[in-house]
Amino acid sequence: MAELDVGKHCEIEYCKQKDFLPFVCDFCSGVFCLEHRGRDSHSCPEISVRRDVLDPGVSALYPCTFQDCKGRELLPVICQHCQKHFCLVHRHQEDHKCEKLEAPKPRMVATQELVQKIVESKKNAPTSKGRKGAKNSATAAKVALMKLKLHGTGDKGLPQTERTYFQVFLPKGVKTSSLPMFFSSKWSVGKVIDFAAAQASLKNNNNVFTAKKLRLCHPETGEAFKMDACLQSLLSRSDSPLYNGGMVILEYLDNETFGVQDVTSYISSS
C-alpha cells in the first residue's frame, strides 16, 4: 500500500524539516516549520520591502499592521498569538482585535457581572453612622468571624465544620471582660457553659442546688438560654437568637432570675 504524503518541508535551506502541520507566512506565502514560522526567524523578504515602501529613508522602523494605523517602532513588537507586528498602542490582543483572541468563558463572564453588581451596590448603599447598632448585628458578626477565628480558643480536635465562634463576655467582676472562643455546634448550652468556664478559669457551681448558676445569655435581650437546648438548634432558628461570629454573655444568676438586666454594661465595657 502506498504511503500517504502528509505535510510539507520547511523552505529554509539548512532546515528542510518536514512538518505535518506546516505554517504559511501571511507576508511571503512561504511554508515553514514551527521553529521558523515567525517572519524574523525565516528572514521574510516582504518585511524589508514593505518597510521601504512606507518610508525608504527609515528602513529600521517596524510598521504596525493594525488597520489604518501608521505607528512604527524601532524594535519589533510581535503578538505571540497571531505573530503580527504592532505598535505599542496596539500590542495587546484586545487592542488589535487579534484573530487568535479567545472569547471569555461563560463562567468568567458571570463572575465579572457579579463583581460589577457588588461594586454598584456598594456605591449606592447609604453610609451608616450608627456603628454600635452595626456591631450587634448579624452582618457585623460575619465580618468579625474572621477575627474570632484568628484568636479564638477551644477544643482543637473539633472539626472545622462543627466550630461555632463567639465573643464571650465574662461575669462582672472578672478581670478580663471577654474572650474569643469556639464550641461544637452539637453541644448543649450546659456543655458550652462548662467548657467556657474552664477556658476562663471561672468558678462553676452549677451542680450545687443553692449556689448561683453560670448561665449563657442573649447579648441583646439578656435572656438566659435553657441549659438543655442544643447550640445547633439555636443557630438554625429563624429569629436567629445566636449566630456564628456573634456575642454571648456568661453570668452568675440566682435560681429565680431568668437573665441579665443591663446587657449594655457588658458590651460597652469591652
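**Entry 1: Thr164.** I began with the contacts of Thr164, leaving out residues up to four places away in sequence: Thr164 touches Met181, Phe182, Phe183, Ser185, Leu231, Leu235 and Asn244. Contact here means heavy atoms within 4.5 Å. I then checked its place and found Thr164 in strand β7. Helices (H or I, at least four residues) and strands (E, at least two) are DSSP runs, numbered from the N terminus. Thr164 has 3% relative accessibility and so counts as buried. The scale is as follows: buried is under 20% relative accessible area, exposed is over 50%, and partly exposed is in between, with a 1.4 Å probe and protein chains only.

**Entry 2: the basis of the values.** I noted that this is a predicted model, in which local features need pLDDT of at least 70 and side-chain atom pairs count only at pLDDT 80 or more, while totals for chains, interfaces and linings use all residues. Residues are numbered from 1 along each chain as its sequence is written, and side-chain values use heavy atoms, with hydrogens and water left out.

**Entry 3: strand β7 and its partners.** I looked up how covered β7 is: 6 of its 7 residues are buried, so the strand is largely enclosed by the rest of the structure. Two strands pair if DSSP finds at least two bridges between them. β7 and β8 run antiparallel and are joined by 7 bridges; in this pairing Gln167 stands opposite Pro180 of β8. β7 and β10 run parallel, with 4 bridges between them, and Val168 stands opposite Val248 of β10.

**Entry 4: strand β9.** I found that 5 of the 5 residues of β9 are buried. Which residues point which way from β9? Lys213, Arg215 and Cys217 point one way, Leu214 and Leu216 point the other way, and all are buried. I recalled the general rule that side chains in a regular strand alternate between the two faces of the sheet. β9 is joined to β10 by 5 bridges, and the two strands run antiparallel. The bridge partner of Leu214 in β10 is Tyr252.

**Entry 5: nonpolar cores.** A nonpolar core is a set of buried Ala, Val, Leu, Ile, Met, Phe, Trp, Tyr and Cys residues joined through side-chain atoms within 4.5 Å. Which members of the largest core touch the most other members? In this core of 28 residues, they are Val168, Phe183, Leu216 and Leu250. I listed the elements that each supply at least two residues: α4 (138-151), β7 (163-169), β8, α5, β9 (213-217), α6 (231-236) and β10 (246-253). The largest share, 6 residues, comes from α5.

**Entry 6: aromatic rings.** I counted 5 aromatic pairs. Rings of Phe, Tyr and Trp (its six-membered ring) pair if their centres lie within 6.5 Å; planes under 30 degrees apart count as stacked, over 60 as edge-to-face and the rest as tilted. The rings of Phe183 and Phe195 have centres 6.1 Å apart and planes at 85°, so this pair is edge-to-face. Phe183 lies in β8 (178-184) and Phe195 in α5 (189-199), so the pair ties together parts 12 residues apart in sequence. Both Phe183 and Phe195 are buried. Ring pairs also link Phe166, Phe183, Trp187 and Phe195 into a cluster.

**Entry 7: cysteines.** I looked for disulfides, defined as pairs of cysteine sulfur atoms within 2.5 Å, and found 0.

**Entry 8: positive phi.** Most residues other than glycine have a negative phi. I noted that Ser201, although not a glycine, has a positive phi of about 55°. Ser201 is found in the loop between α5 and β9, and it is exposed, with a relative accessible area of 66%.
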